[in-house]
Amino acid sequence: MSDSLGFLISDVSRLMRRRFDERARQLGATRAQWRTLTMLSRNEGLNQGALAELLEVEPITLCRMIDRLEESGLVERRRDPADRRAWRLFLTDKSKPMLDELRSTAEAMFDQVLVGMNAPARDALNDSLNLIRANLIALPAPRTTETAHG
C-alpha cells in the first residue's frame, strides 16, 4: 500500500499543479507567482529571506521572482526601518484583484476535481491529508552516521 499511496499522492499533486498552471496562465500568472503572492498576502512585511524560507526556495530564486512581481506592479519593496540592508515586501492594490481571480480559479478547479465526493467525504479527505502532513512534520530527522569512504 505504501508504494501505491505515495505514487497516488504524487500523481494527484502533479496533475493538480499542471491543471492549475494551465488556468493561471490564462490569467497572466504562474503557479510560482500565485504561491508567492498568496504567502505574502498572509505574511505582509516579511523580508525576502524569511519569505524564501516559508516558500522553501533559495533566496536568489525568490529575489528574481520578486523582481518580476515588482516590475508588474504587484509587489513593492520597502526599506526595513531596523536594517538598512533589508527590504520588507508588501502587496500593491493591483495584486488584490489578481489574487482574488486566482483564488476563484483554484476553488473552481477544486470543485471540478472533487465531483462525486459528498461533503463528508471531502471533509474526511481534508482531515486525512492534514493528519498525514502533521505526522510528516513530527517525524524526527534521520540520524546521520558518518562513514569513512576511502
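The largest pocket in this predicted model has a volume of about 1,700 Å³. A pocket here is an open set of points on a 1 Å grid over the protein atoms alone, where a 1.4 Å probe fits and protein lies on both sides within 12 Å along at least five of seven lines; the volume is the space filled by probe spheres set on the points. Local features need pLDDT of at least 70 and side-chain atom pairs count only at pLDDT 80 or more, while totals for chains, interfaces and linings use all residues. Residues are numbered from 1 along each chain as its sequence is written, and side-chain values use heavy atoms, with hydrogens and water left out.

**The largest pocket**

- The lining comprises 33 residues, a lining residue being one with an atom within 4 Å of a point.
- Ser13, Met16, Phe110, Leu129 and Arg133 lie nearest the centre of the pocket.
- Helices α1 (2–26), α2 (31–42), α5 (95–113) and α6 (119–138) each supply at least two lining residues; helices are DSSP runs (H or I, at least four residues), numbered from the N terminus.
- The greatest contribution to the lining comes from α6, with ten residues.
- By class, 20 lining residues are nonpolar, five are polar and eight are charged. Nonpolar covers Ala, Val, Leu, Ile, Met, Phe, Trp, Tyr, Cys and Pro, charged covers Asp, Glu, Lys and Arg, and polar covers the others, Gly among them.

**Salt bridges**

- The whole structure contains ten salt bridges, each defined as a side-chain nitrogen of Lys or Arg within 4 Å of a carboxyl oxygen of Asp or Glu.
- Within helix α1, Glu22 and Arg19 are three residues apart, about one turn of the helix, and their side chains meet in a salt bridge of 2.9 Å, N to O. An α-helix has 3.6 residues a turn, so residues three or four places apart point the same way.
- Glu22 is partly exposed at 33% relative accessibility, and Arg19 is partly exposed at 36%. Under the cut-offs used, buried means under 20% relative accessible area, exposed means over 50%, and partly exposed lies in between (1.4 Å probe, protein chains only).
- Arg31 forms a salt bridge with Asp21, with the closest N and O atoms 3.1 Å apart. This pair links distant parts of the chain, Arg31 being in helix α2 and Asp21 in helix α1, ten residues apart.
- Arg31 counts as partly exposed at 30%, whereas Asp21 is buried at 19%.
- Arg85 pairs with Asp83 in a salt bridge whose closest N and O atoms are 3.2 Å apart.
- Arg85 is exposed at 73% relative accessibility, and Asp83 is partly exposed at 25%.

**Helix α4**

- The 13 residues of α4 (residues 59–71) should span 18 Å at 1.5 Å a residue, and the end C-alpha atoms are 18 Å apart, which agrees. The expected span is 1.5 Å times one less than the number of residues.
- Leu62, Met65, Ile66 and Leu69 are buried in α4. Seen down the axis, the buried residues of α4 fall within an arc of 100°, so they line one face of the helix; the arc is that of the directions from the helix axis to the C-beta atoms.
- Ile60 and Glu71 are exposed residues on the face of α4 turned away from its buried side.

**Ser41 and Leu99**

- Ser41 belongs to helix α2 and is partly exposed, with a relative accessible area of 26%.
- Ser41 and Leu99 are 58 residues apart in sequence and 8.9 Å apart in space, C-alpha to C-alpha.
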